[in-house]
Structure formats: C-alpha cells, structure tokens
Amino acid sequence: MRIPYHIKQEAIWIVRGYEQRRRNYGQMRAEILGRTVAGAGDGTPHGSDVTHPTEDKALELQRLERWPEVKKMRAVEYAERQIGQDILSDEVRGRLKNAILQNTKSGRRYPFEKLGLSEFSRMDFYRRKTKFLADVASFLEML
C-alpha cells in the first residue's frame, strides 16, 4: 500500500503525539466527571436551572469525544487494534505492535534491525507499518 508522503508524515506525528493526547483526555474527562454540578466548577448550584447534572456531564463527555485531538487519539487506538490481525499468536502480535509503535515514534533509534522480529522480513515489517499509518489516516478521513 502506498500513501502520499505528506499524509504519511502527518500520521507519524499523530502517533507521536498520542501519549500527550491520552493524558490531556484523561485530565479533561476526570474534570468533567469530578464536577458536582455541571458548569459549576466550585460545586455550588446556580439557581433552579441546574436540575440534570448527570445529563449535563454526559453531554460534555459527548462533546469531548468530538474534539479533533480526541479523534486523533481514537485513530491511533483503532489502528493499533488492526496491527497483526492475521497473526494467530498473541505474543507475536504484541511484539509486532510494540515494534511498529517504537519504530514510528523513533525510527532512528528503533530501526527494524534492532527490533528482534525474526518472524518478519524487513519488507513485511515496513509494509505492516505503512498499513498502520494508513489506518490512522483513513480513520481521520485523510485518505
């Protein structure tokens, strides 16, 4: 599979930013769920309009899921789940997934030759990595 260079590069940076997005998402989600009354950061009710705090929190969580940065996070999670679906061994699939993520985050530090994946040829590994990046891009409708 071939994907345009600029899209491949954008997908790489999306993967590299995944951990930060996941942390930010967790903080925002915890903040929403930690509020005693939606919209009232101090926990004090604001008149009789605030009658459905659970529904308000659910709406805020739905809005959070639509944020572009959260969509990028979900794209990486989706693409990770697609890695090695044709591989029967959970152990080999897990090592392949970790190797693809390491190589994507730092290809110079973790080239194929240093990843210890004797089950895969160099060409097969990079083909699978390209598919992973294409899955990220497809999820975000970049392809």
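The axes of helix H2 (residues 18-34) and helix H4 come within 9 Å and cross at roughly 120°; axes here are lines fitted to C-alpha atoms, for helices over the stretch in contact, and angles run from 0 to 180 degrees between N-to-C directions. H2 and H4 are therefore oblique to each other, where angles under 35 degrees count as roughly parallel, over 145 as roughly antiparallel, 65 to 115 as roughly perpendicular and the rest as oblique. H2 passes H4 in a left-handed crossing; left-handed means that the near helix is turned anticlockwise from the far one by less than a right angle, and right-handed that it is turned clockwise. Tyr18, Arg21, Arg22 and Tyr25 of H2 meet Glu69, Val70, Lys72, Met73, Arg74, Val76 and Glu77 of H4, a contact being heavy atoms within 4.5 Å.

The model is predicted: local features need pLDDT of at least 70, side-chain atom pairs count only at pLDDT 80 or more, and totals for chains, interfaces and linings use all residues. Residues are numbered from 1 along each chain as its sequence is written, and side-chain values use heavy atoms, with hydrogens and water left out.

H4 (residues 68-82) also packs against H6, the two axes coming within 8 Å and crossing at roughly 140°. That angle makes H4 oblique to H6, and the crossing is right-handed. On the H4 side the contact is made by Lys71, Arg74, Ala75, Val76, Tyr78, Ala79, Glu80 and Gln82, and on the H6 side by Lys131, Phe132, Asp135, Val136 and Phe139.

These helices belong to a protein with six helices and zero strands, where helices (H or I, at least four residues) and strands (E, at least two) are DSSP runs, numbered from the N terminus. Among contacts between residues at least 6 apart in sequence, 64% join residues at least 24 apart. Of the 143 residues, 37% are buried; buried means under 20% relative accessible area, exposed over 50%, and partly exposed in between (1.4 Å probe, protein chains only). The accessible surface comes to about 9,200 Å², and 52% of this surface belongs to carbon and sulfur atoms; the areas come from the Shrake-Rupley method with a 1.4 Å probe, and for residues only the protein chains shown count as cover.

Charged pairs come next. Side chains of opposite charge can pair when their charged atoms come close. The structure holds 14 salt bridges, each a side-chain nitrogen of Lys or Arg within 4 Å of a carboxyl oxygen of Asp or Glu. One of them joins Glu119 to Arg95, with the closest N and O atoms 2.2 Å apart. Glu119 lies in the loop between helix H5 (90-105) and helix H6 (122-139), and Arg95 lies in H5, so the pair ties together parts that are 24 residues apart in sequence. Glu119 is partly exposed at 40% relative accessible area, and Arg95 is partly exposed at 27%.

Another salt bridge pairs Glu113 with Arg122 at 2.7 Å, N to O. Glu113 is exposed at 52%, while Arg122 is partly exposed at 45%.

Within H6, Lys131 and Asp135 meet in a salt bridge of 2.8 Å, N to O; they are four residues apart, about one turn of the helix. Lys131 is partly exposed at 39%, whereas Asp135 is buried at 13%. Elsewhere, salt bridges that share partners join Asp86, Asp124, Arg127 and Arg128 into one network.
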